[in-house]
Amino acid sequence: LRRPGNTRLILYKKGRIITYHSYLLGSHRTWEKIHTPDLLGQPIINLIQQEISGFTSQFQYDFAHHDIEDLVMIGTEVQMLAPYLSKPPRTKSSTKTLNKLIAKIADLTEPQRVQQYQLDYQTSGTTLPALIIYAAIAKAFDLQNLRVSHSDHEEGLLTDLAHPPTNDEDLKPLLLHSARLTAKRFSADLAHAKHVAHLSTQLFQQTQTLHQLDTKDGLLLEVAAILHEVGNHISPRSHELHGLYIIRHAEIFGLTDTDRLLVAIITRYHRGSTPQLSHPHYRNLSPPDRMRVAKLSALLRVADALERTHSQRVTNLTVTLTDTKAILNLQGLPDASAERLALPDKADLFHNLFGLTITLQENS
């Protein structure tokens, strides 16, 4: 999936994202660096290939343990040139056809490309870098066959696979899988992360009468729980701040930019300071989103306290609410001493928001 500013390689197997990587490699970015209108033919092809050559080995390294069978090309330029790569309704093309088209376009000036291929002037400049990037990807994986869509509908469908809406229950597993891939990429303790997500979800479901948030908010909490320790990749010290930066700039399929920011801020408050208007990212949220972040952060902090030992001691929990307390019955745990030690630093936000004191009750 190639965009003007970057290139995303998404590996699908049986309709599921297995892994993905994003590269600062785009047609606009490349064209701006080497824009030489008077250079045509093989010399301009060589120049672009040299400019992007460093990415080829990175492609191979990132996908070294996977067998790549096919390349589906998505992007503005390839969409406009699809009829020259395969004859509709066929979607199958080849690297041979792609390289022939590259050679033809390289021999033309930008005005000639506009006239011959019915391109706009902006696309006429970026078309050649775009096609050469596709060719480099195909070469990196030794692919002979390629695929290209011939309609906006197909293009939109493929793009939606990369950015599914978070409120679609059918795509929830894909989003969570993508979050786990991101956590793994930043060397997070996945067993701990998944268990905090499990406990967070139980807390969310059993305190619905307190927070009154919806299922999408619950999903954002689950994603935040999976990602809450990615900041350790930079440094364990102040890792909640490092995590905020990482998640804000990460590619998490299924999250909009706004939702990704909310997840980043929720994880920022999983430990340490509680939300403050003096904190820029929190202050810049709308009042409703500030409240969402505060409530979800409160639940995440409690779930993280219950997983203090990183050993999944609390298998499940139930919540009993009284006028003054939230009593957490911890299943599978005969002694909650470690969790009680962690709770005072983590239950403060919950108490401030909901006016309830959290107490723990063992239940083996």
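## Accessibility classes

A residue is called buried under 20% relative accessible area, exposed over 50%, and partly exposed in between. The model is predicted. Arg 313, with a relative accessible area of 29%, is therefore partly exposed.

## Arg 313 and Glu 339

Arg 313 forms a salt bridge with Glu 339, and their closest N and O atoms are 2.9 Å apart. The two residues are 26 apart in the chain: Glu 339 belongs to helix α17, while Arg 313 sits in the loop between α16 and β6 (316-321). Glu 339 has 0% relative accessibility and counts as buried.

## Lys 346 and Asp 304

A salt bridge also joins Lys 346 to Asp 304, with 2.7 Å between the closest N and O atoms. Because Lys 346 lies in helix α17 (residues 337-346) and Asp 304 in helix α16, the pair ties together parts that are 42 residues apart in sequence. Both Lys 346 and Asp 304 are buried.

The side chains of Arg 292 and Asp 217 meet in a salt bridge with an N to O distance of 2.6 Å. This pair links distant parts of the chain, 75 residues apart: Arg 292 is in helix α16 (residues 287-306) and Asp 217 in helix α12 (residues 215-227).

Why does Arg 292 count as buried? Its relative accessible area is 18%, and the class covers values under 20%. Asp 217 is buried too, at 4% relative accessibility. Asp 217 and Arg 292 are linked with Asp 289 in a network of salt bridges.

## Total

The count of salt bridges comes to eleven, among them the pairs Arg 292 with Asp 217, Lys 346 with Asp 304 and Glu 339 with Arg 313.

Methods: Residues are numbered from 1 along each chain as its sequence is written. This is a predicted model: local features need pLDDT of at least 70, side-chain atom pairs count only at pLDDT 80 or more; totals for chains, interfaces and linings use all residues. Side-chain values use heavy atoms; hydrogens and water are left out. A salt bridge is a side-chain nitrogen of Lys or Arg within 4 Å of a carboxyl oxygen of Asp or Glu. Helices (H or I, at least four residues) and strands (E, at least two) are DSSP runs, numbered from the N terminus. Buried means under 20% relative accessible area, exposed over 50%, partly exposed in between (1.4 Å probe, protein chains only).
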